[in-house]
Structures are given as structure tokens and as C-alpha cells.
Amino acid sequence: MCGIVGYVGAKDCSEVLVNALTKLEYRGYDSAGIAVFDDGEIRTVKTKGKLDDLRQKLKEVGKPSGHVGIGHTRWATHGEPSDINSHPHSGARVTIVHNGIIENYIELKEFLISKGRVFLSETDTEVVAQLLDYEYDGKPLETIDRVMAELKGSFALGIMFKDFPDRVFAVRRESPLIVGVAEGECFIASDVPAILQYTRDYYLLEHDEIATLTKDGVSFVDERLQPIEKELKTADWDMEAAEKGGYPHFMIKEIHEQPEAIRTTILPRIKDGLPCLDECGITLEELKEFKNITIVACGTAMHAGMVGKYVIEDLARVPVNVDIASEFRYRNPIVGRDDLVIIISQSGETADSLAALRLAKSKGATTLAIVNAKGSSIAREADMLIYTLAGPEIAVASTKAYITQLSVMYLFAFELALAKETLSVAECKRLISALQKMPDAVQYVIENCEEKCKYIATKLVSAESLLYIGRGLDYALSMEGSLKLKEVSYIHSESYAAGELKHGTISLINDEMPVISVATQTDVIPKTISNIVEVKSRGAEIILVCTDACARGLKDGIADYVVEIPHSEELLMPITAVVPLQILAYYTAINRGNDPDKPRNLAKSVTVE
Ligand code: AGP
């Protein structure tokens, strides 16, 4: 994910900016750049590649010499990684760096082109730079305020106006931004680690607040341009903790990043209330022709495919087969010209998934990759591509990648159902509107369920084996819950279709085997409850993850622990229901003394068979 830094003070600004950017490298990036006031002019140096490439370029062209500037590491969303698309971006009198996504940038760009503006890059960021320049009336705060009112989406911006060589402006909506302060200098940064080498004192910029930084200090105004006082915070983290944003582990940090990850993934793919996957090379005409879909992936990505199967079949009425990549590639699978093969992968480098992609292509199938890592092998080789925009996932146990894979599965299913005319435009708009509410719903679950899950995890610490049960989408989701627990806690667990229990597996149940049941799908809840009663009567302790509506109808004593999540559109419930399962797995691992970020025997990216 992009990283922003900015500096105003007495030090060598180019040096400070590059040093600060180094501390944001962990966020992942594909290009970098800085812009510094040098003798009254803004000088920009930027390049595709890593910070070493930027250092090299600074050596070649001579680094800007000055004390006020902004810098950026870019993780491409709009437009490929290239020198031109790298930040900073400029209008005639304005230079900016940006993190986030401007949802309505196409409309704004068209407007600016109609006013004679010429664009150099493919980015949404340049649109903001040009719009600021277009609106500029010599008053920076008023200009920023007017432009903010026109922007839709998420953004954190570092801004320099040519007429004000002694200051940097900063603003944010959704995307995080902090302002660091020290004697005679101020900083902006996407995250605390960037400034820790210079100061521990910082302010958190809130939505739609604007900061003005000079060497004498920082001032803040709200969206009505009224001055505001803010609380100064002091970081007490070491550098390693800071890179985890104050969280003890990347896994829990990434769980908390899920609302933002979903938002970033779905926003650019929704236009006028409908799914729009044009930029991914997918057209309704093409989609209409596919007779069958096969989803191929490994581990968590395969589980996202399981949810995808239920949703696609339900909405688009196209048969979907989900296959484990290591099985698919050695089985002479039946796929051909009429088929779409979807490969899901966080890393885009999983050896079995890559081999499955190549096999599917060789059999004439059309391939669609759903991938998180930009420019990875699977992303490059597939016919069509949708990036999940989860940002870098560092913990081995996948969380935010899974939730964005689900988000993309929904968008794809909606688009396919529209193409197949099995879903009306009105119904699709209703579903899209429900999907747009999911970031807030996930945030709510994190805020309201974490303590409860933490407590329940203390009860699982000595379990040797666990069962997850559910029906339909809840079963598909339970597979992921079970894998999460296994991989970080090292407790054996299985996910079972609740109705299948009595065909053998129920013989395992006794008072030493806790059962985690997921019940979010109204039509099958009574059936699942019957299955819960069956295992409960055989001594199992029951942990129930269910909707608040379901919880209200429960008889006392059926479940030992209940985690309630808000009821929302039922088809979308896996997005919220997975969160308690992830948190349970995390705290169970912690209680057992495991490092959840580096589970034994596992690698983040499985590039060998
Ligand atoms: C999940 O927590 C694991 N890290 C693992 O199952 C992973 O999802 C699988 O190895 C596939 O990786 P990919 O998404 O990078 O292809």
C-alpha cells in the first residue's frame, strides 16, 4: 500500500524523505519519488522500482536541495508501475502525493479535459493535482476544502503549492495520515515508523481535517475551515512494534485492516451502483458465453472459491466446480473452450496454482486470475485479471487477502448474473449497496466481538481436536475457520457439513471435543440448531457464531458461548462471519504460546510443489 511522507524544517529534506520512506517499505510498493522546494521551484524526482533505484536516480540527476518537501512509495492501483505513474504528481502550481482511491476520478478527469487540461499519467492522483490547480485561487486552505467536497473515495494527501515554499499541507479521508512534530520541524507520514527516527510526538489527522505544516509548528482546521485543537500523542513503540502499527502481531493488525481492504477493493469496481469490471478486461458479452466455471486454488484462496461457488450458482445459475490446484493439475480435468477457469491466489506465485493456470490455458479454457500481488506470475499469465487490493499481507495466516477475495467473488458473481440475465438491474443495485456497507459491518464485528472471542479462546487452549459445523455458505466459511485455527494454534480441527455429521463423524463427539457452529443462513438455521442439539447431548461444548436475529431465537443452554454478529444481506454474511473465527484462531494461538505470524512448517508463499 502506498506510503506518504513530508517534511518541513532545517534538515536536508531529500535525505529525510528517503529515510522516512525506508521505514514504510514493509507496506509494499512498486515505485518511489520525492518533490522538494529547491530555490523556490518544486523539483520532482521519481522512478519505478525500489528506494535504491530512487537513490541511484537522485545521484544521477542531483538530489533537490531544500528543506520543505513530500515523498511517496506507490503500490499501483490505477495504471501500471512506471516512472510516469509514480508520485508526486503535479498541476502547474501544485504538487501532491496520495494514498487511497478516488472513486469519481473518471468524471473529474473528463471535466478537466473539457477545460483543456492535459494528463501525463493514468493515475487518479494526477486528477486531484490538476483539480487543485484548476480550483486554486491563491488561498490554499479554501482551495483544498473545495476540492475535497468534489472528491469521492478514500485519500490521504500531502500537498505543496508553488506560491507557499515554506509549508506542506495535509488532508485525509479514510486513508490514515499522521503529523509528527519536533523542535523546529514537522513531518507527515502514513504510519508512525516513518517518523520515529526523528520524533515520537505526533497528531492523528481525522477525516476531512486539514493540517498546515511550517518549521514553526502545525495548525489544523476542520472541513468548515474552523481552527481546531488536537491531542498530541507520544509513540512508545520500538521500530518493530511500530511497523505493526502498535499491534503485537501482523495477523491481528491485518484482521483490523479488513474494513479498509474491502473498501479499497470494491470501490473502484462499482460505477453508478453496479459492478464494473471493465478495467480487468471482463465484458458482459464475453461472460455470457461461459457454460461452466472451475475455480482452482490452494488453502485459504480455495476456501474463498468455495464461497464463490455458492454465490455464483445461486445468482448466475452457472455450474461451478471448485478444485484444489495440486489435484486439478494432475487429473486431466475436463475444461475447454466454453469454460472459464478462475485462479485465486494472494501471492500469485503458488506453484500448483500457476501450473493449474497453465494447464487450463493449454486446454483452451479462458482464465481469470484473482490475485493480490501486483505483477506476479499468475497475474501476468492469466487472460483476465482482477486484483484484490488488500495491500501487503505479511502474516502467514491469510486474513485480509481472504476477505478481499470474497469481495471480488461477489462483484464477479453480480456481474456474471447480470450478463446471464438471471439478476435484474434493480436487485443487483440492492446487492451492491449491501456490499458497500460491509466495511462498516466488519468494523462493527471487530469492535464488538474481539473481547468475547479473546475470552472464548481461553477455553480452547487445551483442546486436542475441534469440529466446525455449518450448512451452505456457513459450511463453506467454516472450512476457512478450521484452517485458520489449525495453522496458528496447532490444534487439529475439521470442518463438516452439519447435516453429514450423523453419517459417521458424530462418533468422535464427546466432552473433550468442542464444536464451533456457524449459523447465519435463516433457511437452514433450524436444521443447524438440531445438529447443535445432537452434539451438545453427546457432551460437546458449543461455541456458536450466529446473527443477532438467530441468537434472539435460541433456547437457553443450547450453546455454551454465543458470538453475535449483526444480521445483514444473507448472501454476504461470510464477510462478517469469518472475522470472529479469525480472531478466535489468533487468540488461541497466543494462549498456547505460538507466534501466529510465523506458524511452524509454513511459508507465506508456496512456490514449490
Ligand atoms: C492460509 O492462511 C495459508 N497461508 C495458505 O493456505 C494459502 O492461502 C495458500 O498457500 C495459497 O496461497 P496463495 O493465496 O498465495 O496462492
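Asp208 sits in the loop between strands β11 (201-204) and β12. Helices (H or I, at least four residues) and strands (E, at least two) are DSSP runs, numbered from the N terminus. The model is predicted: local features need pLDDT of at least 70, side-chain atom pairs count only at pLDDT 80 or more, and totals for chains, interfaces and linings use all residues. Residues are numbered from 1 along each chain as its sequence is written, and side-chain values use heavy atoms, with hydrogens and water left out.

- Asp208 is not a glycine, yet its phi is positive, at about 65°. Asp208 is also buried, with a relative accessible area of 14%. Buried means under 20% relative accessible area, exposed over 50%, and partly exposed in between (1.4 Å probe, protein chains only).
- Asn332 is another non-glycine residue with a positive phi, here about 50°. Its place is the loop between α11 (325-328) and β20 (339-345). Asn332 counts as exposed, at 61% relative accessibility.
- The peptide bond from His87 to Pro88 is cis, with omega near 0°. Pro88 lies in the loop between β4 (68-74) and β5 (89-90).

**Helix α14**

- Helix α14 covers residues 400-419, which is 20 residues. From first C-alpha to last, α14 reaches 29 Å, close to the 28 Å expected at 1.5 Å a residue. The expected span is 1.5 Å times one less than the number of residues.
- In α14, 20 of the 20 residues are buried, so the helix is largely enclosed by the rest of the structure.

**α14 with α15**

- Helix α15 (residues 425-436) packs with α14 at an angle of about 175°, and their axes are 10 Å apart. Axes are lines fitted to C-alpha atoms, for helices over the stretch in contact, and angles run from 0 to 180 degrees between N-to-C directions.
- That angle makes α14 roughly antiparallel to α15. The cut-offs: under 35 degrees is roughly parallel, over 145 roughly antiparallel, 65 to 115 roughly perpendicular, and the rest oblique.
- From α14, the contact uses Ser407, Tyr410, Leu411, Phe414 and Leu418. From α15, it uses Val425, Cys428, Leu431, Ile432 and Leu435. Contact means heavy atoms within 4.5 Å.
- By class, these residues are nine nonpolar, one polar and no charged. Ala, Val, Leu, Ile, Met, Phe, Trp, Tyr, Cys and Pro count as nonpolar, Asp, Glu, Lys and Arg as charged, and the others, Gly among them, as polar.

**α14 with α10**

- Helix α10 (residues 299-316) and α14 pack at an angle of about 25°, with axes 9 Å apart. The two are therefore roughly parallel.
- The crossing of α10 and α14 is right-handed. A crossing is right-handed if the near helix is turned clockwise from the far one by less than a right angle, and left-handed if anticlockwise.
- Residues of α10 in this contact include Ala304, Val307, Gly308 and Val311. Among their partners in α14 are Leu406, Met409, Tyr410 and Ala413. The contact has 16 nonpolar, five polar and no charged residues.

**α1 with α2**

- The axes of α1 (residues 13-22) and α2 (residues 51-61) come within 11 Å and cross at roughly 165°. These helices are therefore roughly antiparallel, and α1 passes α2 in a left-handed crossing.
- Val18, Leu21 and Thr22 of α1 make the contact with Leu51, Leu54, Arg55 and Leu58 of α2. Five of these residues are nonpolar, one is polar and one is charged.

**Other helices**

- Helix α8 (residues 258-266) has eight of its nine residues buried, so α8 is largely enclosed by the rest of the structure. Pro259, Ile262 and Arg263 are among the buried ones.
- Buried residues in α5 (residues 140-150) include Ile144, Asp145 and Met148. The buried residues of α5 pack against α4 (124-135), β7 (153-161), β8 (168-173) and β12 (210-214).

**Two buried residues**

- Leu24 lies in the loop between α1 and β2 (31-38). Its relative accessible area is 0%, so Leu24 is buried. Leu24 and Ile195 are 171 residues apart in sequence but 9.8 Å apart in space, C-alpha to C-alpha. Not counting residues up to four places away in sequence, Leu24 touches Gly3, Ile4, Val5, Ser190, Asp191 and Ala194.
- Cys550 belongs to helix α19 (residues 548-552). Cys550 is buried, at 7% relative accessible area. Leaving out residues up to four places away in sequence, Cys550 touches Ala519 and Ile525.
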